[in-house]
Amino acid sequence: MTTHTMVARGGVQLRAVTKTYGSGDAEVQALRDVDVDITPGELVVVLGPSGSGKTTLINIIGGIETATGGQIVVADQNLTGRNPADLSEFRRQHIGFVFQFFNLVPTLTARENVEVLIELTGRGDRDAAPRLLADVGLGDRMDHFPAQLSGGQQQRVALARALATDPDLLLADEPTGALDLATGRQILQLLQRLHRSGRTVVMVTHNASVAQIADRVITMVDGHVQSVRRNESPADAADVAW
């Protein structure tokens, strides 16, 4: 994978962020007074069991969801109280997403799946799709449809697509969750190499082993940040097993 030196960007600052779904007896507090700081250029893993609030957290960071309360600054943009149209524009300008399930358009080739995001957002260079796919090891598969690709290859297409607009911040929600060990390790290696080239990466997982590659690990339980710890010597993704 080719990496490019860049000025680190994509910091995050959350203060007393809450998120409530429903009301009355059906009310669920997904986030409770969450404070988070992510420095531009960091690789941060958000760790926790299902229902701990970790996916809600990165959805708020990425402008997919709005908070019920608190202050949110991402990539030098104040997201507090922004309307859906503003948040949509923010996502287009600043955020790349990679999900557990690849969300590729089945009727488009790998190349077209990358190009369509560039066309929809108006950001990036449509001619960059082949380079991006080559960067994730799919230079010889770019004209294949998703059904002709393995799960790991589909996830790599999704990663190339997320990078197509040169986002400030890459958010990955359980990106290895649907993959076997060897294939998941390949995705972690790609994310780690992106981070080492200056990209800010925030990855959600329930898998404590994956957290070994992070600069810092935020552990969430029941909507709270239970702990924040720094890995003094982050592991190489090639050595991670789970």
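The model I have open is a predicted one.

**Helix on sheet.** I looked up helix 1 (residues 54-61) and found that it lies across strand 1, strand 2 and strand 4. Relative to strand 1, helix 1 runs at about 120°.

I traced an open sheet of 4 strands, in the order 2-1-4-5 and with antiparallel pairing. Its edges are strand 2 (28-38) and strand 5 (77-78), each of which pairs on one side only. I then checked strand 1 (residues 12-21) against strand 4 (residues 69-74): they run antiparallel and 5 bridges join them.

**E174.** I found this one in the loop between strand 7 (169-173) and helix 6 (181-196). What about its charge partner? E174 is buried but has no salt bridge. K54 is the nearest side chain of opposite charge, at 4.3 Å, and the cut-off for a salt bridge is 4 Å. Beyond four places in sequence, I list K54, Q100, V204, T205 and H206 as contacts of E174.

**D215.** Next I went to the loop between strand 8 (200-205) and strand 9 (216-221), where D215 sits. Buried or exposed? I put D215 down as buried, because its relative accessibility is 17% and the cut-off is under 20%. Skipping residues up to four places away, I noted that D215 touches G41, E42, L43, H195, R229, R230, N231 and P234.

How values were computed: Residues are numbered from 1 along each chain as its sequence is written. This is a predicted model: local features need pLDDT of at least 70, side-chain atom pairs count only at pLDDT 80 or more; totals for chains, interfaces and linings use all residues. Side-chain values use heavy atoms; hydrogens and water are left out. Helices (H or I, at least four residues) and strands (E, at least two) are DSSP runs, numbered from the N terminus. Buried means under 20% relative accessible area, exposed over 50%, partly exposed in between (1.4 Å probe, protein chains only). Lys and Arg count as positive and Asp and Glu as negative; His and the chain ends are not counted. Contact means heavy atoms within 4.5 Å. Two strands pair if DSSP finds at least two bridges between them. Axes are lines fitted to C-alpha atoms, for helices over the stretch in contact, and angles run from 0 to 180 degrees between N-to-C directions.
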